[in-house]
Amino acid sequence: MHSDTRAPLGLKLAAIGGLFFLLAPIALIFLYAFSTEEKSFQWPPPGFTTRWIGVTLNRPDVWEALALSLKVAAISTILALILGTLTAAAVARSRFFGRETISLLVILPIALPGIITGISLRSAFSLLDIPFSTWTIVLGHATFCTVIVYNNAVARFRRTSEALIDAAMDLGADGLQTFRLVILPNIATALLAGGMLAFALSFDEVIVTTFTAGNQTTLPIWMLEELVRPRQRPVTNVVAMAVVIVTILPILAAYYLTRDGEHTAGSEK
Amino acid sequence: MLGPSGSGKTTCLRLIAGFEQPTAGHIEIFGERADGVPPYLRNVNTVFQNYALFPHMNVRENVAFSLRVKGMGRAERHRAAEEALELVELAGYGNRRAGELSGGQRQRVALARALVNKPRVVLLDEPLGALDLKLREQMQEELRSLQRSLGLTFVFVTHDQDEALSMADRVAVFADGKIQQIGTSEDIYRRPCSRFVADFVGSSNVIPADLVGAGAAGKWASLRPEDIVLDPAGQEVKVTGRFFHGRVTKLSLDFAGQNLTALVPAHADAPDVGETALIGWDPSRVHIMEEDT
């Protein structure tokens with residue numbers, strides 16, 4: 001096991017300092033969600049109130065933005081799961097001319113700055129006379145979500161032995177049965193992790209969304225707009241707080257899911 | 001199917017299983033055309049080199065897989081799986097994960113999985129390669145008696161000539177993508193058709209026929225190392241190497257400029273390196289091959 005010598009004081013201070021640097025801004029967001037001052041962030045907050053929670057719940061623009069963000073993230077993730085898995089299967093499983101080039105090109109959308117993706121999509125949409133809508137945002141998000149799913153899936157495909165697929169076919173399973181009974185259970189956790197990451201990325205995406213949205217407002221865009229408008233400022237903080245709490249839940253879920261998975265995998269050896 | 005690595009035996013097996021398609025010629029399995037038929041429609045099952053057990057299923061689900069995809073009900077297929085596990089002496093292991101088993105047990109699960117669907121042909125791709133010697137010998141005997149009692153055709157790939165000779169009714173020796181010789185184990189061993197077969201199966205001494213006094217000038221002859229005996233009335237050779245193997249002592253000999261290998265019983269007083277020895281052989285043990293020198 002680990003040695004139980006105690007960490008030196010300097011290291012402890014550095015660790016505390018690092019944690020403070022990372023978490024203090026988030027703590028401030030929580031703090032100001034309860035401030036009585038609504039026009040500016042004033043230190044220290046003049047007083048505390050819980051009335052902003054009620055105000056937030058009654059603001060229809062918050063609910064609309066949240067609903068749009070969830071819808072976009074959900075559809076982009078589903079699209080990405082299908083496209084990413086298929087691409088990964090093709091690249092990992094078969095040999096064809098230009099395979100290496102394609103596996104590089106697939107990763108490109110995430111290596112390029114979001115601005116480039118945004119501009120190119122916007123000019124493509126106007127070139128094809130596609131009106132901006134929820135679906136143009138979905139298309140924009142699906143570009144990088146697909147890459148995330150692809151990256152997770154391709155690594156797992158490479159680790160899944162090709163002999164397993166041969167074995168399934170040998171035992172009488174056709175293509176669909178092989179996918180359902182052998183491939184899918186083996187890549188499921190990779191898809192779950194990739195899907196959750198894609199969902200989270202889409203949920204807080206600002207740059208590509210700015211270029212591909214018409215007059216739709218996703219939650220991050222709504223927050224950005226709210227910041228420049230000094231009206232009921234703590235409402236933004238309440239929403240931010242809700243987002244933090246809501247996003248921590250799937251992260252914890254993923255942590256416990258994969259921890260259990262590792263446990264079984266470990267005991268198999 | 002016996003041959004060195006890269007000689008085409010696994011490719012041949014994959015052609016029978018249906019993972020590869022022939023570019024020329026055709027394949028028949030018990031008179032039925034098999035080329036063009038996908039693997040899942042062939043009545044042939046494979047025991048893979050590294051077992052290829054499904055890691056997300058337990059032993060019972062692994063064995064019952066082929067019945068499940070055929071649409072057999074749960075209770076029925078689990079009963080069939082249990083019977084197949086009994087056949088390979090793994091009754092009661094159904095709930096274990098593949099990862100919890102030893103190499104030999106995994107081997108048996110892979111075998112049960114291939115047998116449960118009652119195929120006409122079972123393909124085994126170097127199935128014992130990963131096992132240690134003792135276990136391998138035990139599995140060889142079990143596979144052989146299982147094959148006899150079930151009356152199935154086993155197509156067995158190996159690069160181990162002992163394994164091939166001791167298990168097979170018919171041996172096909174592969175080299176460079178071609179079958180060099182097909183015959184019973186005795187045929188292959190006693191009457192190898194070429195220098196390659198003579199050397200690969202049993203490391204024979206391949207020498208010009210006239211050198212061993214067999215006539216047939218211009219042809220190659222094969223003389224098995226164990227057929228060379230120490231004989232006080234024999235011919236003189238120089239000993240260039242001496243290796244004690246337990247059961248036998250292997251001698252490297254220089255016979256008129258030709259290297260010979262002889263295996264003499266361990267109890268014989270084998271001469272040492274640098275000494276001269278007198279050797280002889282029964283002329284009927286010299287096999288003349290068709291190949292010209």
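Analyst: B:Ala221 stands opposite B:Ile288, a residue of strand E14 of chain B. The model is a predicted one.

The pairing belongs to an open sheet of three strands in chain B, ordered E8-E9-E14. The pairing in this sheet is antiparallel. Strand E8 of chain B (205–208) and strand E14 of chain B (287–292) each have a single partner strand and stand at the edges, so one side of each has no neighbour in the sheet. On average, neighbouring strands of the sheet are turned by 35° against each other, with direction ignored.

Chain B is divided into domain 1, residues 9–190, and domain 2, residues 205–292. The centres of these two domains of chain B, taken over C-alpha atoms, are separated by 40 Å.

Chain B also meets chain A. The contact takes 20 residues from chain B and 17 residues from chain A. On the side of chain A that touches chain B, the elements giving two or more residues are helix H7 (162–170) and helix H8 (175–203) of chain A. Helix H7 of chain A gives the most to that side, with six residues. By class, the side of chain A that touches chain B has eight nonpolar, four polar and five charged residues.

Terms used:
Residues are numbered from 1 along each chain as its sequence is written. Chains are lettered from A and ligands numbered from 1 in the order in which they are written. This is a predicted model: local features need pLDDT of at least 70, side-chain atom pairs count only at pLDDT 80 or more; totals for chains, interfaces and linings use all residues. Domain bounds come from an automatic or database domain assignment. Two strands pair if DSSP finds at least two bridges between them. Helices (H or I, at least four residues) and strands (E, at least two) are DSSP runs, numbered from the N terminus. Axes are lines fitted to C-alpha atoms, for helices over the stretch in contact, and angles run from 0 to 180 degrees between N-to-C directions. Two residues are in contact if their C-beta atoms, placed from the backbone, lie within 7 Å. Ala, Val, Leu, Ile, Met, Phe, Trp, Tyr, Cys and Pro count as nonpolar, Asp, Glu, Lys and Arg as charged, and the others, Gly among them, as polar.
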